[in-house]
Amino acid sequence: MNFENLLVDQKNNIGIITINRPSKLNALNKKTIEELHVAFKNLNNNKEIKIIIITGSGEKAFVAGADISEFANFSIEEGTELARKGQEILFNFVQNLETPVIAAVNGFALGGGLELAMAAHFRVASNNAKMGLPEVSLGVIPGYGGTQRLPQLVGKGKAMEMIMTAGMIGAEEAKEYGLVNYVVDQTELLPLCEKLAEKITRNSSVAISAAIKAINANYTNGVNGYSIEIEQFGVSFGTDDFTEGTTAFLEKRKPNFE
Ligand code: COA
């Protein structure tokens with residue numbers, strides 16, 4: 001499928017989505033958000049794909065935020081709908097995807113860009129990356145989950161400071177706060193993400209999806225994460241992957257998950 005603002009590649013069992021609007025620092029306009037929904041959905045439904053990497057094109061930006069030119073004249077109703085629809089079709093959609101998603105943060109990840117990286121299951125950054133939620137400098141607040149996911153990742157106090165100051169932090173500071181797992185040279189960013197992805201693809205995709213569900217349950221209102229863990233643990237026992245994984249261990253061989 002051809003997209004206007006995305007490039008989608010497949011490397012073995014890894015799907016790679018590159019947001020490709022470099023002249024606008026890959027800012028998320030409506031079209032890009034809609035295309036991302038379709039790209040994530042297609043890769044998630046593709047049985048050959050076991051993991052997805054999301055990154056930005058060029059060496060300067062992952063995503064410099066939501067496209068400010070598109071919403072500058074919005075009314076209260078339009079603003080509400082922008083956040084609601086975006087959360088539904090992209091940010092919550094990615095967080096709850098069955099296929100694991102790694103964000104390869106290759107430069108500026110601001111506003112909606114950082115929110116997209118935070119919706120991914122974990123993040124790796126290049127050493128030139130700069131991250132922040134600058135929305136209050138525009139007279140608005142983060143609307144794509146930033147007020148919820150940033151405190152989950154870095155703690156309430158640091159999130160308050162980052163959101164109130166609208167400032168940017170560098171990659172090393174982001175790692176110190178637990179916002180990104182690794183910091184590497186830009187040339188090493190995709191190779192490291194692919195290495196981590198390959199390691200993940202050796203494990204049971206079915207069990208990984210169940211783990212994503214159980215981990216996310218802890219952050220879902222009205223849902224008891226421990227109950228979901230018990231339920232998903234039980235469900236695992238009925239899967240072919242469980243039979244294969246435990247049999248392979250007892251037979252002292254590597255598992256061969258379908
Ligand atoms: N929305 C729309 N366009 C954006 C954008 C955004 N969030 N971020 C960057 N762009 C566009 C710029 O308007 C410019 O377009 P132009 O060449 O047609 O004028 C182009 O991308 C390059 O950006 P520029 O500002 O010239 O690059 P820079 O290196 O001087 O600054 C940033 C980089 C990231 C510091 C700066 O672009 C910026 O502050 N962007 C907005 C960040 C933001 O507030 N995001 C949250 C939105 S809710």
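Guide: Let us start with the domains, whose bounds come from an automatic or database domain assignment. In this predicted model, the protein chain is divided into domain 1, residues 6-201, and domain 2, residues 205-250. The centres of domain 1 and domain 2, taken over C-alpha atoms, are separated by 26 Å.

Visitor: How many residues of domain 1 are in contact with domain 2, and what area do the two bury between them?

Guide: Ten residues of domain 1 are in contact with six residues of domain 2, and the two domains bury about 630 Å² between them, with 55% of it on carbon and sulfur atoms. On the side of domain 1, Q95, E98 and Q152 lose the most area to domain 2, together 53% of what that side buries.

Visitor: Which polar links are counted between domain 1 and domain 2?

Guide: Three residue pairs are in polar contact between domain 1 and domain 2, whereas the count of salt bridges between them is zero. By class, the side of domain 1 that touches domain 2 has three nonpolar, five polar and two charged residues.

Visitor: How should I read the packing of two helices?

Guide: Two packed helices are described by the angle between their axes and by the distance between those axes. Here, helix α3 (residues 76-95) and helix α4 (residues 112-119) pack at an angle of about 35°, and their axes are 7 Å apart. Helix α3 brings L90, F91, V94 and Q95 to this contact, while helix α4 brings G112, E115, L116 and A119; by class, these are five nonpolar, two polar and one charged residues.

Visitor: And what about salt bridges?

Guide: Side chains of opposite charge can pair when their charged atoms come close. The structure holds nine salt bridges, and one of them joins K11 with E194, the closest N and O atoms being 2.9 Å apart. Because K11 lies in strand β1 (residues 6-11) and E194 in helix α8 (residues 186-201), the pair ties together parts that are 183 residues apart in sequence.

Notes: Residues are numbered from 1 along each chain as its sequence is written. This is a predicted model: local features need pLDDT of at least 70, side-chain atom pairs count only at pLDDT 80 or more; totals for chains, interfaces and linings use all residues. Side-chain values use heavy atoms; hydrogens and water are left out. Contact means heavy atoms within 4.5 Å. Buried area is the accessible area (1.4 Å probe) that two parts lose on being put together, summed over both. A salt bridge is a side-chain nitrogen of Lys or Arg within 4 Å of a carboxyl oxygen of Asp or Glu. A polar contact is a pair of N or O atoms within 3.5 Å; within protein, one must be able to donate a hydrogen and the other to accept it, and residues adjacent in sequence count only if both atoms are side-chain atoms. Ala, Val, Leu, Ile, Met, Phe, Trp, Tyr, Cys and Pro count as nonpolar, Asp, Glu, Lys and Arg as charged, and the others, Gly among them, as polar. Axes are lines fitted to C-alpha atoms, for helices over the stretch in contact, and angles run from 0 to 180 degrees between N-to-C directions. Helices (H or I, at least four residues) and strands (E, at least two) are DSSP runs, numbered from the N terminus.
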